[in-house]
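Please keep the structure open while reading.

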Amino acid sequence: MSLLPRSTPEAQGVPSSTLLNLLELVGENVHELHSIMVMRHGHVIAEGWWKPYAPEHPHILFSLSKSFTSTAAGFAVSEGLCSLDDTVLSFFAEDAPEAPSENLKAMRLRDLLAMATGNEQDTLQALFPVENWVRAFLACPVQRTPGTHFVYNSGATYMVAAIVQKVTGQRLLDYLTPRLLEPLGITGATWEQCPKGIDTGGWGLSVRTEDIANFGVLYLQKGVWQGKQLLPKGWVEEATRVHISNGDSPDSDWTQGYGFQFWRCRNGAYRGDGAFGQYCIVLPAQDMVVAITGGLGDMQAPMNLLWNHLLPALQENPLPENAEGVSALTAKLASLKITTPTGESTSALAGEVSGKTYQFEANETKAESLTCRFEANTAQIEVVQNGKTHRVACGLGGEWATQRIAFAIPYHLPEANVAVSGAWADEKTFVAKLCFYETPFCPILTLCFEGDNVTFNNRPNVSFGTPEPPQLVGHRI
């Protein structure tokens, strides 16, 4: 159920033409957004999803999860369960090193929240190989005095989640449910956990776009939601002010200072954000919130568009209604879609290769064989990988076929919802786009059939710096 009222842009002092132009610029310069919601004066003035993304689907937030973890800490502090100056070791004496350093002994909850733990690098990679992530974090060297040096550190946010669970006796998600999620109408949220059952904190939360928007409005309104003070005003102000410097570039939204799991932005704004374009941007001076999900390589680009094209057009007072402008904006929002492979629905070669199995040589992806079936109006790709058969049905002619699969090329995803669209780019080449529409990931598979061979290429749209999977060559058997 939507809890935020809707309004025309003009009623809230925003020209419809500006929002329409913004969407056009996104299409030309930003690849790719998955959703956007713009709120002003507490009203939604524009909302759109690039199909097959849709309002009812959650989207993984990656590090935007951190701002929700900070909020949980705010509730715990306000309820007297812990204080910002409590040392980290005071919660986890049983997991402390035998001879903790002076810097580790000095590390406080506030240092975790401000990414000022004293670690000189992110501790995240130290956590994954072991079962006890708390112990692994505490074993990491703390080279600097806590509170003096900024290092983006997802392991620190995990420790905030671990502290909240320690003092409340509940996992983060359960603790937040009656305090934050239920009042904001957030249902169906999920959060990844560590091997010990602690929510990962720094990543792993999945919610809908409107949930992100509601969260931003709560912060914009200083913790008030529908007339009730859910989160103390003092915490909102503390969490979103600068606690530590993180650079001095005037043109970057990553060097404006860092709060408690919130980034400060240019133009007096602040935000939570996550990898590949998950944003909750709060603009107090303009009484505005922008929620975005995406699969981006350049995370600065959307904010540049907001600052350069949206902010200059904002007016304090309502503008004359513009039915034609609203109609054009509404049509644009309804037409948004992720690009699908272009080409034909069939090929003269389709019948010859359909049903034939191609065997791969041993490879790092553990893909063993490929079989495609091309029939009237349908295409199916079947990959045997590490002894398991995975079938992917492709929509044709620009259509999406939705299904649920577990497919570890190129991403090692658990079973996930996916929409797939395919086309013959030329007589020999079939291209399929897999849109895992609850994530940023939309890899493209390219199959080129020639003689008794097929080449299988896989190109991720975004990744965490990992190399693309190797090209595989299959031989017909």
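The sections below cover the sheets, the cores and a pocket.

## Basis

The model is predicted. Local features are described only where pLDDT is at least 70.

Six strands form an open antiparallel sheet, in the order 2-1-11-10-9-8. Strand 2 (43-49) and strand 8 (263-264) stand at the edges. Each has a single partner strand, so one side of each is left without a neighbour in the sheet.

Strand 1 (residues 33-40) pairs with strand 11 (residues 288-294) in the antiparallel sense, over seven bridges. Here Val38 stands opposite Val290 of strand 11. Two helices pack here. Helix 9 (residues 209-220) lies across strand 1, strand 2, strand 9 (270-274), strand 10 (278-283) and strand 11. Helix 9 runs at about 150 degrees to strand 11. Helix 11 (residues 300-310) packs on the sheet and touches strand 1, strand 9, strand 10 and strand 11. The direction of helix 11 makes about 30 degrees with that of strand 10.

How many of the six residues of strand 10 are buried? Six of the six are, so strand 10 is largely enclosed by the rest of the structure. Gln278, Cys280 and Val282 point one way from the strand. Tyr279, Ile281 and Leu283 point the other way.

Strand 10 takes part in a hairpin with strand 9 and in another with strand 11. Strand 9 and strand 10 run antiparallel and are joined by five bridges. Asp273 has Tyr279 of strand 10 as its bridge partner. Three residues lie between strand 9 and strand 10, and Phe276 in the turn has a positive phi of about 70 degrees.

Strand 10 and strand 11 also pair in the antiparallel sense, over five bridges. Val282 stands opposite Val289 of strand 11. Four residues separate these two strands, and Asp287 in the turn has a positive phi of about 55 degrees.

Strand 16 pairs with strand 17 (residues 416-426) in the antiparallel sense over five bridges. Thr402 stands opposite Ala419 in strand 17.

## Two nonpolar cores

The largest nonpolar core has 81 residues. Phe92, Leu112, Leu138, Met159, Leu180 and Trp235 touch the most other members. Helix 7 (residues 154-168) gives the most to this core, with eight residues. Apart from it lies another core, of 41 residues, including Val38, Trp50, Leu306 and Cys435.

Helix 1 (16-29) and helix 12 (323-335) each supply at least two lining residues. The largest share comes from helix 1, with three residues.

Note on methods: Residues are numbered from 1 along each chain as its sequence is written. This is a predicted model: local features need pLDDT of at least 70, side-chain atom pairs count only at pLDDT 80 or more; totals for chains, interfaces and linings use all residues. Side-chain values use heavy atoms; hydrogens and water are left out. A nonpolar core is a set of buried Ala, Val, Leu, Ile, Met, Phe, Trp, Tyr and Cys residues joined through side-chain atoms within 4.5 Å. Buried means under 20% relative accessible area, exposed over 50%, partly exposed in between (1.4 Å probe, protein chains only). Two strands pair if DSSP finds at least two bridges between them. Contact means heavy atoms within 4.5 Å. Axes are lines fitted to C-alpha atoms, for helices over the stretch in contact, and angles run from 0 to 180 degrees between N-to-C directions.
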